[in-house]
Amino acid sequence: MKRLQQHLQEWVREGFILSSQAESIAAYEDNRPAGSWMRTSFMALGATVIGLGIISLVAANWYLISSQIKLGGDLLLLLALASGVLWTGERQTVWLREIFLILFLLACMASIGLIGQIYHASGHLPEAMLFWCLATLSAVLLSKESYLPFLWTTLFLGSLLFYSWERMLFYPHHSDFWRWLGLILLLPSFCAIFSHLLTRLRGPLSLIVALKGWTLISAGMGVFTIDLILSSSEQPTDSGWLVFLPGFIFGGILWLGIWMDKGIRALRKKLLLISWALYMISFPLGSMFLTSEYAGAGFTIAIMGSFAGAVGLAGQRSIFTYLILLMGLRFLGVYVTAVGGLALTGVGLIFSGLLILGIIYLWGKNRQKIVAWVEGLES
Amino acid sequence: MNRQRFYTFVALLIPILALSGLAGWKHWHQSHGQEVVLSVQALDPRDLLSGHYLTFQVDYGLESMCRPISSNDALRNDALYVCLDPKNIFETMPQGEACSLFIRGSCRRGVFEAGIERFFIPQEYASRLERAISNKICTVLVSVTDDGTATLQDFRIEGRSWSDYVHENFAP
């Protein structure tokens with residue numbers, strides 16, 4: 001609100017709006033309810049805590065109550081919560097409907113726990129979670145907020161990953177080190193291709209956004225992993241390049257998909273292709289051929305830099321800002337490692353800071369020219 | 001009922017039906033099998049969803065059930081059939097008179113698992129039961145259906161059901 005007041009005063013001073021209009025806008029904003037994102041977040045948090053409470057109550061194992069009564073009570077709870085979703089849906093109370101939906105889905109999770117407890121099922125947690133994901137997908141799609149689809153996608157990908165890990169479905173004859181590398185290379189392209197397919201099929205937007213989110217998160221985990229391997233002095237003794245095959249197949253399809261996409265402008269496309277190609281080659285190079293700790297930082301900064309350029313051109317400011325911040329931190333890490341002494345580090349940091357400020361000054365002074373140049377490159 | 005409301009109704013009904021089906025399937029296996037008593041050795045970890053449980057290795061009276069033929073075989077998850085009468089191991093489902101009662105499972109990291117290695121107990125008794133059974137003879141009552149699916153019915157300490165044992169030995 002304070003920021004809006006500042007803007008309004010500035011706009012009045014510059015003569016864009018009249019002071020009476022500024023007062024009307026300020027009064028309108030004053031009377032609006034608190035930000036919906038804040039309410040949604042607290043609502044999701046509250047409902048999740050209640051849901052976890054239900055799971056914990058079930059886990060307490062009320063063995064003196066007969067199995068039939070426990071299962072009957074559980075069914076009644078599910079029906080009551082489902083009725084709540086239907087009832088609030090009719091009355092257009094979106095936030096209350098969302099609370100009932102979160103509670104319903106967490107009660108489904110508690111039901112799986114209860115069934116497992118009553119019948120002493122020895123299934124592992126990823127199997128129970130996968131069952132929950134498959135059984136509740138239809139209900140998750142009813143959500144009009146981003147929280148539930150993101151939670152569902154996270155649990156689905158996580159349980160799929162752990163299920164294949166526990167069951168040794170993914171390269172069982174390789175060590176955990178190589179299997180993790182293979183999975184982390186595969187995951188971003190798997191999420192990106194899946195989200196693209198859902199977009200083409202006009203699938204639910206909330207799931208598409210969640211999958212895009214996990215594309216970024218898993219790629220970040222991959223970059224961090226390779227950087228960590230190269231920064232550590234220990235290199236793997238065995239060879240496991242075959243684990244990269246699924247990642248390269250999916251990654252290759254994604255790379256071709258970006259290359260053939262006519263909806264992406266030229267410069268952005270080049271940056272995305274460079275970023276993705278660097279990500280893919282960093283896995284075999286980082287785990288088998290390179291040993292320099294600076295190579296890890298080099299890959300991290302190059303991958304993040306090219307990707308930051310691509311998201312910057314797409315106008316995604318927040319992701320751009322976070323990437324720049326991470327690059328800065330990694331750059332700082334390299335600098336401290338390379339220089340060593342405090343005095344030299346201080347001089348170097350002051351010089352680097354001045355360099356960044358100089359670039360910002362030049363950017364501010366010549367922004368129009370640079371933008372025109374970039375647009376010229378893109379056309 | 002309008003279309004939107006109908007879709008919402010169906011979307012909410014699917015998980016309820018899936019869970020009811022799971023409970024029904026488990027109940028059928030528990031109540032329609034042949035009852036067998038097997039001896040076990042127990043430990044106590046905890047499940048995030050269902051609470052405390054005793055976990056154990058079932059003694060089928062067979063040696064080297066998951067003995068790997070090569071080093072890679074130790075990681076296989078293929079189905080395995082343990083015949084209880086007469087004691088034997090089959091890689092395919094035993095037919096006819098070859099075996100009158102068998103349990104289906106698989107070797108996971110060199111250990112045979114048939115889905116009967118976990119018995120859920122109340123949190124308040126978990127640690128006391130674990131201590132109590134460390135030097136007692138423990139068995140499990142298992143229901144085994146014709147397709148080899150085994151479901152736990154009871155955990156017994158020196159022949160008594162765990163709940164009777166708890167009432168007799170632990171003060172409330």
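Two strands pair if DSSP finds at least two bridges between them. Helices (H or I, at least four residues) and strands (E, at least two) are DSSP runs, numbered from the N terminus. With these terms, select β6(B) and β7(B): 3 bridges join the two strands, which run antiparallel. Within this pair, B:R108 stands opposite B:V111 in β7(B).

The structure is a predicted model, in which local features need pLDDT of at least 70, side-chain atom pairs count only at pLDDT 80 or more, and totals for chains, interfaces and linings use all residues. Residues are numbered from 1 along each chain as its sequence is written, while chains are lettered from A and ligands numbered from 1 in the order in which they are written.

**The sheet of chain B**

Next, select β4 (residues 79-85) and β6 (residues 101-108) of chain B, which are antiparallel and joined by 6 bridges. Here B:V82 stands opposite B:I103 in β6(B), and B:C83 stands opposite B:F102 in β6(B).

**Where the chains meet**

Display both chains. Two residues are in contact if their C-beta atoms, placed from the backbone, lie within 7 Å. By this criterion, 35 residues of chain B are in contact with 36 residues of chain A. On the chain B side, α1 (3-31), β3 (51-59), β8 (118-120) and β10 (150-157) each supply at least two residues. The largest share of that side, 14 residues, comes from α1(B).

Now select B:Q30, whose place is in helix α1 of chain B. A residue is buried if 20 or more other C-beta atoms lie within 10 Å of its own, exposed if 12 or fewer, and partly exposed in between. B:Q30 counts as buried because it has 20 C-beta neighbours inside 10 Å. Leaving aside residues up to four places away in sequence, B:Q30 touches A:Y119, B:S143, B:T151 and B:Q153. For a further landmark, select B:V140: its C-alpha atom is separated by 13 Å from that of B:Q30, although the two residues are 110 residues apart along the chain.

**Chain A**

Turn to chain A, which has 15 helices and 0 strands. Of its 379 residues, 31% count as buried.

The mean for chain A is 83, and 89% of its residues reach 70 or more. Confidence in this chain is lowest in helix α15 (residues 367-378), at a mean of 63, and highest in helix α6 (residues 125-140), at 92.

Finally, select helix α7 (residues 147-166) of chain A. Its end C-alpha atoms are 28 Å apart, which agrees with the 28 Å that its 20 residues should span at 1.5 Å a residue; the expected span is 1.5 Å times one less than the number of residues. Among the buried residues of α7(A) are A:Y147, A:W152, A:F156 and A:S159.

Conventions. pLDDT is the predictor's confidence in each residue, from 0 to 100.
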